Amino acid sequence: MRNCFVFFLCCCLLLWAWDARAHFGMIIPSQSTVMTPKEAALSLSLKFWHPFANTGMPMEKPVSFKVFHDAAATDLLPSLQESKERGMRVFTGAYTIKEPGLYAFVMEPAPYFEKEEDCFIIHYTKVYVDAFGDDEGWDKPLGLKTEIVPLVRPNALYAGNVFQGQVLIDGKPSAHAQVEVEWYPGPDAKGAAPYESMITQTVKADSNGVFTYAAPASGWWGFAALHTAAEKIRHEKTEKDVELGAVLWVRFLPWQGAAPLRAK
């Protein structure tokens, strides 16, 4: 009986570790807000990752990588360069902002087959960069297969602020969507949590697809709204489910506090 209990406990620990390591498509730009010409030359890191643990999976070249600005999309796929991070294949891109406005970078990855979950994963991943004081349009959908549309200005958030987004599938609200949330500690660190269950936090959207989350710390936070696609993909002669993810990355800045007034 004792051996059975030990076996059961080990299985639970393995499941907790697996569940805590959620998959996220990632686009992390060198700047979330551009205010000088020097900052305008962006570098962008694209990967398929466990953000909090800072480990990942090998990534195939994306199907699509675009930037949306003033309702026009520009193909950035030719700019991608293959690289390695922690032994995994990742990609880097480059883009120079030349005029004020809001820039939405969007990646559609190649389908990834996850053996443990016995399904394919496709995460439509998005991040916003605003330039030179102009960020109009952040609350407008881009027309992606699935996406999170911000209901709070995404590039003006402090740690502790509440963020709200609406999950859309084929342009319609996704009622009661499940949204996974993870913090990314940066390229050279991993997060620390009191329990495995605290690594990936989960919130539920309401009947209109709206969810709410308050980030407890500054840095990049990823939101992934997940659902199963109606279509399947064949793998080794068997039709497999497809997990579609609407992923949005948002940067929360540390609170600056007060500064002394200058004498006139």
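The paragraphs below lead through the salt bridges, the cavity, the surface patch and some backbone details of this predicted model. Because the model is predicted, local features need pLDDT of at least 70 and side-chain atom pairs count only at pLDDT 80 or more, whereas totals for chains, interfaces and linings use all residues. Residues are numbered from 1 along each chain as its sequence is written, and side-chain values use heavy atoms, with hydrogens and water left out.

We begin with the charged pairs. Side chains of opposite charge can pair when their charged atoms come close. With a salt bridge taken as a side-chain nitrogen of Lys or Arg within 4 Å of a carboxyl oxygen of Asp or Glu, the count comes to nine salt bridges. One of them joins K47 and E85, whose closest N and O atoms are 3.0 Å apart. K47 lies in strand β3 (residues 41-50) and E85 in strand β7, so the pair ties together parts that are 38 residues apart in sequence; helices (H or I, at least four residues) and strands (E, at least two) are here DSSP runs, numbered from the N terminus. Both K47 and E85 are buried, where buried means under 20% relative accessible area, exposed means over 50%, and partly exposed lies in between (1.4 Å probe, protein chains only).

A further salt bridge brings together the side chains of R89 and E60, at 3.4 Å from N to O. This pair links distant parts of the chain, since R89 sits in strand β8 and E60 in the loop between β4 (55-57) and β5 (64-69), 29 residues apart. R89 has a relative accessible area of 23% and is therefore partly exposed. E60 and R89 also belong, together with E82, to a network of salt bridges. Elsewhere, the side chains of E147 and K126 meet in a salt bridge with an N to O distance of 2.9 Å, and this pair again links distant parts of the chain, with E147 in strand β12 and K126 in strand β11, 21 residues apart. Both E147 and K126 are buried.

Rolling a probe the size of a water molecule over the atoms shows where empty space is left. A cavity is, on a 1 Å grid over the protein atoms alone, a set of points where a 1.4 Å probe fits but cannot get out, and its lining residues have an atom within 4 Å of a point. Grid points are joined across faces, edges and corners, and a volume is the space filled by probe spheres set on the points. By this rule there is one cavity of 30 Å³ or more, and about 50 Å³ of space lies in the largest cavity. The lining of the largest cavity consists of S32, T33, P154, N155, A156, L157, R251 and L253, which divide into four nonpolar, three polar and one charged residue.

Y158 is placed in the loop between β12 (146-150) and β13 (162-169), and its relative accessibility is 33%, so Y158 counts as partly exposed.

Most residues other than glycine have a negative phi.

Two separations complete the picture. L44 lies in strand β3 and counts as buried at 2% relative accessibility; its C-alpha atom and that of S83, 39 residues apart along the chain, are separated by 12 Å. S79, in the loop between β6 (72-75) and β7, is partly exposed at 25% relative accessibility, and S79 and I199, 120 residues apart in sequence, are 33 Å apart in space from C-alpha to C-alpha.

How values were computed: On a 1 Å grid over the protein atoms alone, a cavity is a set of points where a 1.4 Å probe fits but cannot get out, and a pocket is an open set with protein on both sides within 12 Å along at least five of seven lines; lining residues have an atom within 4 Å of a point. Ala, Val, Leu, Ile, Met, Phe, Trp, Tyr, Cys and Pro count as nonpolar, Asp, Glu, Lys and Arg as charged, and the others, Gly among them, as polar.
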